[in-house]
Amino acid sequence: MKDRMDWVVLYLNRATKDLYRVMGEEAPPELRLLFLDAGGPDEIREKLPQADAILIADAALTAEMILRASRLKMVQHQGVGYERIDVKALAKAGVPLALCPAGTAEAVGEHTVLLMLAALKRLVAAHASMVAGQWLMWELRPSTRDLHGKTVGLIGFGRTGRAVAKRLRGFDVRLIVNDPYITLSEREKAEFGVTLVEKDALLREADIVSLHVPLTEETRHLIAGPELQRMKREAVLINVSRGGVTDQDALYEALRERRILGAGLDVYSPEPLPAGHPLTRLDNVVLTPHVAAGTLDAFRAKMRFALGNIARFKGGEEPLERAPTPSARVPGT
Ligand code: NAD
């Protein structure tokens with residue numbers, strides 16, 4: 001029989017049995033995990049009042065749900081992009097929201113480099129042609145490129161932007177960065193091998209433009225028609241941030257008309273991207289289903305941190321990585 005003092009942690013996203021097992025392995029003994037079965041609205045309504053803490057990935061957490069969760073003491077996000085959580089309602093209820101950078105930056109950094117290389121070298125087209133029994137040894141050459149010698153422009157230079165810069169050090173690229181909210185010392189610039197530039201200069205000069213900003217009112221459609229127009233015809237766009245940071249329709253048109261060379265995308269608007277979406281019919285894109293931070297290694301690291309952080313708060317300590325009050329954030333993706 002479980003100790004009555006245990007906290008019930010409701011996981012508001014649905015995962016797989018294997019991942020639930022990892023969560024069980026990482027959960028401190030004083031936490032009891034509560035999972036969703038089908039995850040329909042009635043089940044969520046029934047389970048919310050049992051939750052002492054909510055652990056959440058990309059699911060929505062609305063004011064109505066927060067009111068319904070009458071025992072709720074803490075919300076722990078398993079990542080860092082929390083635009084679907086009603087932070088005002090949480091603040092009103094006096095419930096802290098904690099983020100989980102653990103595991104994220106490394107996995108997103110690797111995935112970004114993967115998308116850059118896969119888009120430049122048309123990995124998916126090469127693989128699909130082999131599966132189809134073709135040998136395009138010469139035909140793939142005109143549309144493929146190296147990463148070495150290129151200029152990579154990172155928009156947003158926080159955790160994931162820096163993780164990408166760190167991983168690109170061995171690729172002999174020129175790294176330029178746009179982030180109006182940071183300053184870098186000379187030592188940091190040298191450490192990351194980056195130069196800070198204005199956004200327009202980055203769009204003009206970069207062969208690869210990679211997005212690493214949160215979705216806010218300011219960053220929504222940060223890359224739309226005019227920005228795509230300013231990019232090189234040879235440029236590749238990488239988006240592992242949020243779908244809404246680009247104007248997806250304008251991006252589709254630019255790719256279809258070959259106004260840019262290609263794209264590597266992990267995030268969409270909406271998600272899931274509907275089956276048969278026009279983006280899936282282009283041959284100059286590489287698409288992944290919002291998995292940049294979703295490796296098994298990253299999941300375990302996240303669960304260790306996130307569940308440990310809930311236990312920490314239960315034990316009377318301040319949670320680590322509390323979210324700032326994000327007045328500029330917008331709900332939805
Ligand atoms: P972060 O907060 O560490 O860094 C974001 C950076 O963006 C900050 O340095 C900030 O100053 C900068 N920024 C904000 N507005 C800007 C603007 N208008 N122009 C240029 N720079 C601007 O966040 P992070 O950990 O690097 O993550 C970034 C985003 O990536 C998250 O908010 C999340 O939405 C997304 N993300 C996606 C995945 C995935 O699986 N695809 C995983 C993790 C994070």
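Arginine 71 counts as partly exposed, at 41% relative accessibility. The classes used here are buried (under 20% relative accessible area), exposed (over 50%) and partly exposed (in between), with a 1.4 Å probe and protein chains only. The model is predicted, so local features need pLDDT of at least 70 and side-chain atom pairs count only at pLDDT 80 or more, while totals for chains, interfaces and linings use all residues. Residues are numbered from 1 along each chain as its sequence is written, and side-chain values use heavy atoms, with hydrogens and water left out.

Arginine 71 has a salt-bridge partner in aspartate 52, with 3.1 Å between the closest N and O atoms. The pair links distant parts of the chain, 19 residues apart: aspartate 52 sits in the loop between helix H2 (41-47) and strand S3 (53-56), and arginine 71 in the loop between helix H3 (63-68) and strand S4 (74-77). Helices (H or I, at least four residues) and strands (E, at least two) are DSSP runs, numbered from the N terminus. Aspartate 52 counts as buried, at 2% relative accessibility.

Side chains of opposite charge can pair when their charged atoms come close. The structure holds 24 salt bridges, each defined as a side-chain nitrogen of Lys or Arg within 4 Å of a carboxyl oxygen of Asp or Glu. One of them joins arginine 300 to glutamate 26, at 2.8 Å from N to O. Arginine 300 belongs to helix H12 (residues 296-314) and glutamate 26 to helix H1 (residues 17-26), so this pair ties together parts 274 residues apart in sequence. Arginine 300 is partly exposed, at 26% relative accessibility. Glutamate 26 is buried, at 13%. Both residues also belong to a salt-bridge network that links Arg21, Glu25, Glu26, Arg300 and Arg304.

A further salt bridge connects arginine 242 with glutamate 83, the closest N and O atoms lying 2.7 Å apart. Here too, distant parts of the chain are linked, 159 residues apart: arginine 242 is in the loop between strand S10 (236-239) and helix H11 (248-256), and glutamate 83 in the loop between S4 and helix H4 (87-93). Both residues are buried.

The chain is divided into domain 1 (7-103 + 295-314) and domain 2 (104-287), with bounds from an automatic or database domain assignment. Their C-alpha centres lie 31 Å apart. Domain 1 brings 11 residues to the contact and domain 2 brings seven, where contact means heavy atoms within 4.5 Å. The two domains bury about 660 Å² between them, 44% of it on carbon and sulfur atoms. In domain 1, Glu83, Pro101 and Gly103 lose the most area to domain 2, together 59% of what that side buries. Buried area is the accessible area (1.4 Å probe) that two parts lose on being put together, summed over both. One salt bridge is found across this interface.

Leucine 55 lies in strand S3. Its relative accessible area is 0%, so leucine 55 is buried. Beyond residues up to four places away in sequence, its contacts include Val9, Tyr11, Met23, Gln76, Met303 and Leu307. Leucine 55 and arginine 256 are 40 Å apart in space, C-alpha to C-alpha, and 201 residues apart in sequence.

On the surface, Met130, Trp135, Met137 and Trp138 form a nonpolar patch with about 540 Å² of accessible area together. Patches are made of residues with over 30% relative accessible area and no salt bridge; like charges are joined within 9 Å, nonpolar side chains (Val, Leu, Ile, Met, Phe, Trp, Tyr) within 5 Å. Accessible areas come from the Shrake-Rupley method with a 1.4 Å probe, and for residues only the protein chains shown count as cover. Tryptophan 135 is found in the loop between helix H6 (123-131) and strand S6 (151-155). At 61% relative accessibility, tryptophan 135 is exposed.
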